[in-house]
Amino acid sequence: MRNARHAGWAHDCNKIVFERRFQFWTANADGGDQQRLEGPFEADNLLAPRYPAFSPDSQLIAYFQAADTPFGDLWIVPSQGGNPQRITHSPSLCGKPVWHPDGKSFVSSSLRGGRRTLWQVTLRYSETRQLFISAGDGLHPTLPTDAQQLFANTRNTLALPGSTPKNDP
């Protein structure tokens, strides 16, 4: 797919969402049926990647939207297009949203609070919660489908609330 950037796969691996020329597009896994997603604001100038990410049921796409600076908020939009909804209301530099398997929240890195660390964002009330305090290097989280642990590139293994941490070997 030409000029495709910052792609995110649907959880069933049948669709992909990506940025192209300041717009969001979706396509089938083989690259066919490419369609521009109506709804998200077109960025005149991408000051920061938007990192679109499908929800577990592929009904929503979460993404970061910068304003006139690299700082912005996290948003969601229906995956078939429609009105975007701002989820956070405290402009910050954010990373790719990683959905919780239940589809009710996602995790993203953010400079919110003064240092880059991981935050959980719930959709229902647009609540944000810092998951842990780090030295400022909590980037690119990975959340397994059982949601028992959260992994970040800091080589730390972090437990989500209510889970049992596993010891590293």
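At 1% relative accessibility, Arg50 counts as buried, where buried means under 20% relative accessible area, exposed over 50%, and partly exposed in between, with a 1.4 Å probe and protein chains only. The model that contains this residue is predicted: local features need pLDDT of at least 70, side-chain atom pairs count only at pLDDT 80 or more, and totals for chains, interfaces and linings use all residues. Residues are numbered from 1 along each chain as its sequence is written, and side-chain values use heavy atoms, with hydrogens and water left out.

The side chain of Arg50 meets that of Glu19 in a salt bridge, at 3.4 Å from N to O. The term salt bridge denotes a side-chain nitrogen of Lys or Arg within 4 Å of a carboxyl oxygen of Asp or Glu. Arg50 lies in the loop between strand E4 (35-36) and strand E5 (53-54), and Glu19 in strand E2 (residues 15-20), so the pair ties together parts that are 31 residues apart in sequence. Strands (E, at least two residues) and helices (H or I, at least four) are DSSP runs, numbered from the N terminus. Glu19 is likewise buried, with a relative accessible area of 2%.

The structure holds 3 salt bridges. Another of them joins the side chains of Glu38 and Arg36, at 3.0 Å from N to O. Here Glu38 is partly exposed, at a relative accessible area of 46%, and Arg36 is partly exposed as well, at 29%. A further salt bridge links Asp73 with Arg86, at 3.6 Å from N to O. Asp73 belongs to strand E7 and Arg86 to strand E8 (residues 85-86), so this pair ties together parts that are 13 residues apart in sequence. Asp73 is buried, at 5% relative accessible area, whereas Arg86 is partly exposed, at 36%.

Strand E2 also contains Val17, which is buried, with a relative accessible area of 0%. Its C-alpha atom is separated by 7.1 Å from that of Ala53, a residue 36 places away along the chain. Leaving aside neighbours within four places in sequence, the residues in contact with Val17 include Trp25, Pro52, Ala53, Phe54 and Ile61; contact means heavy atoms within 4.5 Å.

In soluble globular proteins, nonpolar side chains tend to be buried together. A nonpolar core is a set of buried Ala, Val, Leu, Ile, Met, Phe, Trp, Tyr and Cys residues joined through side-chain atoms within 4.5 Å. The largest such core has 13 residues, and those with the most contacts inside it are Phe64, Leu74, Ile76, Trp99, Phe106 and Leu123. Strand E6 (60-66) and strand E7 (72-78) each supply at least two residues of this core, with the largest share, 3 residues, coming from E6. A second, separate core of 9 residues includes Phe24, Leu37, Ile61 and Tyr63.

An open sheet of 4 strands has the order E9-E10-E11-E12, with antiparallel pairing. Strand E9 (98-99) and strand E12 (128-130) stand at the edges, each with a single partner strand, so one side of each is left without a neighbour in the sheet. Two strands pair if DSSP finds at least two bridges between them. E9 and strand E10 (residues 105-110) are joined in the antiparallel sense over 2 bridges, and Val98 has Val107 in E10 as its bridge partner.
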